[in-house]
Amino acid sequence: HTLRVNATTTTTTARRPTPREAHRILDECRELTVKRMQEAFSAILDKVGDVLMDRAGRTDVREEQQLLMDARDVMRAQRPALLADFEKRLRGRIDERLSGADQRNKPDFAKADLSELSLVETTAMDESVITGNLKRVIENACYEELVLLNRGVGHLMERPDLETDGNPLAPTTIVDAFADALREVKTDPRIKLQVLKEMNQVGLGDVSAIYADLNRRLTELRVVPGAMRAVNAAGRADRAPRDVRQETPPSHAEVDVKALFKRMFAGGVPPRGQP
């Protein structure tokens, strides 16, 4: 458990770093995030493996038992390659968002020819629901840390109104990078979905400590405008975060298809038949 000490609330004016210095600080934040997130996801995969074996030992359904055991074996065998790919993709996604390339390359689906759209595969729909839930779980667990981080990163990027959705270091960047890496693992798609489902259950609390350390570093550099205050040990937010239930995806009959398609297109999931 990471002990975080309360700091006295003070109001300060953040100094304005030069463009070169701001770039250097953002690079430092990226490297700290990539290194620590890779370590955190390595520990998370350990927990997932333990949960898979525990569940396999408690089920009497042969097919389910085999799937759980296969998932654990695949994760054990593919773990080094998966984490290495995650590191590369995470660094690339952060760089894209820092440069704004993700927005420049974002397709405009408002201009899409709806007659050419096809149904998205069931597996892709399930993955979108699970990863969306993972992002919200992390955002809830790290709510107060993210509020402060948005302030610091927004100051460095000259975007004072930066929100979590636009922060290059936000949970959406982390989860999407891991999902991309997992998608490349050569195995049954059901196994990949099972791993993502278990990640929803094992807890991702370690991630909040990473954001707290980023905030501590930015505060030391005096580049966080407004109230400089550390996150308290209880992690209480000034206002309540969104309600998130850690659960398996709803049945397809319960999925809001319009909202799901909007979310998936925004994440860059192409219609079937396109690369």
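A cavity here is a set of points, on a 1 Å grid over the protein atoms alone, where a 1.4 Å probe fits but cannot get out. Grid points are joined across faces, edges and corners, and a volume is the space filled by probe spheres set on the points.

This is a predicted model: local features need pLDDT of at least 70, side-chain atom pairs count only at pLDDT 80 or more, and totals for chains, interfaces and linings use all residues. Residues are numbered from 1 along each chain as its sequence is written, and side-chain values use heavy atoms, with hydrogens and water left out.

Start with the fold. The protein has 9 helices and 2 strands. Both kinds of element are DSSP runs numbered from the N terminus: helices are H or I with at least four residues, strands are E with at least two. The order from the N terminus is β-α-α-α-α-α-α-α-α-β-α.

Next, packing. Of the 275 residues, 43% count as buried (buried is under 20% relative accessible area, exposed over 50%, partly exposed in between; 1.4 Å probe, protein chains only). Contact means heavy atoms within 4.5 Å. Among contacts with a separation of 6 or more, 86% join residues 24 or more positions apart.

Leu-82 gives a local view. This residue sits in helix H2 (residues 62-99). Leu-82 counts as buried because its relative accessibility is 2%. Beyond its neighbours within four places in sequence, Leu-82 contacts Leu-45, Met-75, Phe-178, Ala-181, Leu-182 and Val-185. Leu-82 and Glu-184 are 102 residues apart in sequence, yet their C-alpha atoms are 8.3 Å apart.

Now the cavity. The structure holds 1 cavity of 30 Å³ or more. The largest cavity has a volume of about 40 Å³. Its lining (residues with an atom within 4 Å of a point) consists of Phe-41, Leu-134, Ile-138, Val-175, Phe-178, Leu-196, Met-199 and Leu-204. Helix H4 (122-141), H6 and helix H7 (189-202) each give two or more residues to this lining. The lining divides into 8 nonpolar, no polar and no charged residues. Nonpolar covers Ala, Val, Leu, Ile, Met, Phe, Trp, Tyr, Cys and Pro; charged covers Asp, Glu, Lys and Arg; the others, Gly among them, are polar.

Finally, the loops. Glu-158 is not a glycine, but has a positive phi of about 60°. Glu-158 lies between helix H5 (143-156) and helix H6 (171-183). Glu-158 counts as exposed because its relative accessibility is 61%. Arg-222, also not a glycine, has a positive phi of about 55°. The loop holding Arg-222 runs between helix H8 (206-220) and strand S2 (226-228).

How values were computed:
1 Å grid on protein atoms, 1.4 Å probe; cavity = no way out; pocket = protein on both sides within 12 Å on 5 of 7 lines; lining within 4 Å.
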